[in-house]
Amino acid sequence: MKIAGIAGNRGRNLLHIADISPGGAELSVVVANKENAPVLDAAAERDIPAVAVERAEGESRADHEASILEALADHEFDLVCLDGFMRVLTPEFLDSVETVLNVHPSLLPAFPGADAHGQVVDSGVRTTGATIHVATEAVDEGPIVTQESVPVFEDDDEDSLKERVLHEAEFEAYPRAIRWFAEGAVDIERDEQGRPVDVTVDADTGGDLPARRTISNRREDSLRYGENPHQDAAVYAADASEEPSVVHAPQRNEGAKALSYNNYNDADGALNLIKEFEEPAAAVIKHTNPAGCATADTLADAYRDALATDAKSAFGGIVALNRECDAETATEIVDSFKEVVVAPGYTDDALDVLTEKKNLRVLDVGGRTDGTLGPEDRTERFTEKALVGGRLVQERDRSTLTREDLEVVTEREPTDEQIESMLFAWKVLKHVKSNGILIASGTETVGVGMGQVSRVDAVTLAAMKAEKDAEGKSAEGAVVASDAFFPFPDAVEEAAEAGVEAVIQPGGSVNDDDVIEAANDLGLAMVMTGQRAFRHD
């Protein structure tokens, strides 16, 4: 699609469109109504033909527009886009071209006319934005194609609001509209005279992953810094969310320093992990990876088993519990340095123990639970990750494997105890950074190999951690879980050398038969899940 742009002065929307070419659309010519309009030089720098067509003194609108049409006649275009062309077009001009789009710096029909930003500031509204509409001979009327909203802040003036609307609303909405036109997704309904009266956009659909998203969050707190001291940061809250979360959790240790960016990130990861379990569970997290996790009959036993996986790495970590924290568990937690504890409530005795550590952050998510946490508390369906220039949005991995989901592929059948360990290991493994390998015994972690670019290296790391750092447990007779298929037998052989006797993995490699053969030769039991458990954040 080719676009003819008509600008009043700087033409920043047109230049933005030229720079990003939405839907493959190209700006084929720019016309300005001033000889000194900055858009002319900016277009020429981009090798876009640019011409000024000034309105002479006493010249009628119709004659001036005829001159513009004459300038456009030398160029191919499918769509005319206005940008700051502060004049109403005549019916003759509109009848001479197929479609004209205009951008207006407010959410029409509110605040039409030349002084939209001033009207917004004076009105006291808290939201404004930009509107892309099909131009007609009336002022700021015509069918709306799309809109984009932005907040209006208490300290805004016309200049600050103008810049926000331009960069955050107009720069979003105009390219989106053009992309839809380029993709043939826009249908314009016209009356008997051919004038536009309505617009339908087939691409503008809703659903779980809608065609466009508007996100509005409240700043909960300004943080001391981001991941590193030279980075500014803040935490924002989604008040529509009802899931137990560290963002909404009150801090029960008065006087403790505020949570840092990394504390929030790690505590969120820890809380997400222990929501996997119905049974009493505890996890210790460092840099969003589990240093240890376990379930047990009591919360204190679960914490002790989790800590024993790698007490060295757990130093300065985040503890998450899925039951109300009692005094016995609290006493175990404060026995070594921890940054944060998060749980669905605390007994008075537990708080007395925990708050003796003046800088231990004690987060209470119990206000949104019945005193326990489990899979039913994972109510948020989607998760997202910011990218430069956009966002990734995906369905959250809330799947829970059962023994019926496991396919035994080896001659040796896993025992009931091994299957229990496999299912436990898989729940924890979902929260280990890929490539991830986890060794488990019973319902406690033994060794974790995370974030390796080679799967066999992840096995080596997990086995090494089990041997060097696990206390009172080992990989001997344990289960190993892999978040993706084994591409070669080497990783299985490495696990067997460490003493592992059973394997859970997704399967799906072209070398599955070789891997299964190796497992049979080594006397291992192996099951395949048919689903992967990658985690890259």
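**A walk through the strands and helices**

Strand β20 (residues 437-441) is joined to β21 by 5 bridges, and the two strands run antiparallel. Please keep in mind, as you look around, that this is a predicted model. Within this pair, I437 stands opposite G449 in β21. The two strands form a hairpin with 2 residues between them, and here G442 takes a positive phi near 60°. How many of the residues of strand β21 (residues 444-449) are buried? The count is 6 of the 6, so strand β21 is largely enclosed by the rest of the structure. Buried here stands for under 20% relative accessible area.

Now let us move to another part of the chain. The UniProt record, an unreviewed entry, carries the annotation "domain: Formyl transferase N-terminal" for residues 22-178. Over residues 22-178 the chain is 35% helix and 23% strand. The end C-alpha atoms of this stretch are 6 Å apart.

Next comes a sheet. Strands of a sheet pair through backbone hydrogen bonds, and the pairing may be parallel or antiparallel. In what order do the strands of the open sheet of 7 strands follow one another? Reading across, the order is β3-β2-β1-β4-β5-β6-β7, and the pairing is mixed. At the edges you will find β3 (50-52) and β7 (144-151), each of which pairs on one side only. From one strand to the next, the twist averages 20°.

Strand β6 (residues 127-134) pairs with β7 in the antiparallel sense, over 7 bridges.

For helix α5 (residues 116-123) and helix α6 (residues 158-182), the angle is about 115° and the axes are 9 Å apart. The crossing of α5 and α6 is right-handed. Which residues meet at this contact? On the α5 side they are H117, G118, V120 and V121, and these meet E158, L161, K162 and V165 in α6. Sorted by class, the contact of α5 with α6 has 4 nonpolar, 2 polar and 2 charged residues.

Key
Residues numbered from 1 in each chain as written. Predicted model: local features only at pLDDT ≥ 70, side-chain atom pairs only at ≥ 80, totals over all residues. Heavy atoms only, no water. Axes fitted to C-alpha atoms, helices over the stretch in contact; angles between N-to-C directions. Helix = DSSP H or I, 4+ residues; strand = E, 2+ residues; numbered from the N terminus. Left-handed = near helix turned anticlockwise from the far one by under 90°. Contact = heavy atoms within 4.5 Å. Nonpolar A, V, L, I, M, F, W, Y, C, P; charged D, E, K, R; others polar. Buried < 20%, exposed > 50% of the residue type's maximum accessible area, 1.4 Å probe, protein only. Pairing = 2+ DSSP bridges. UniProt positions renumbered as here; feature names shortened; annotations may be inferred.
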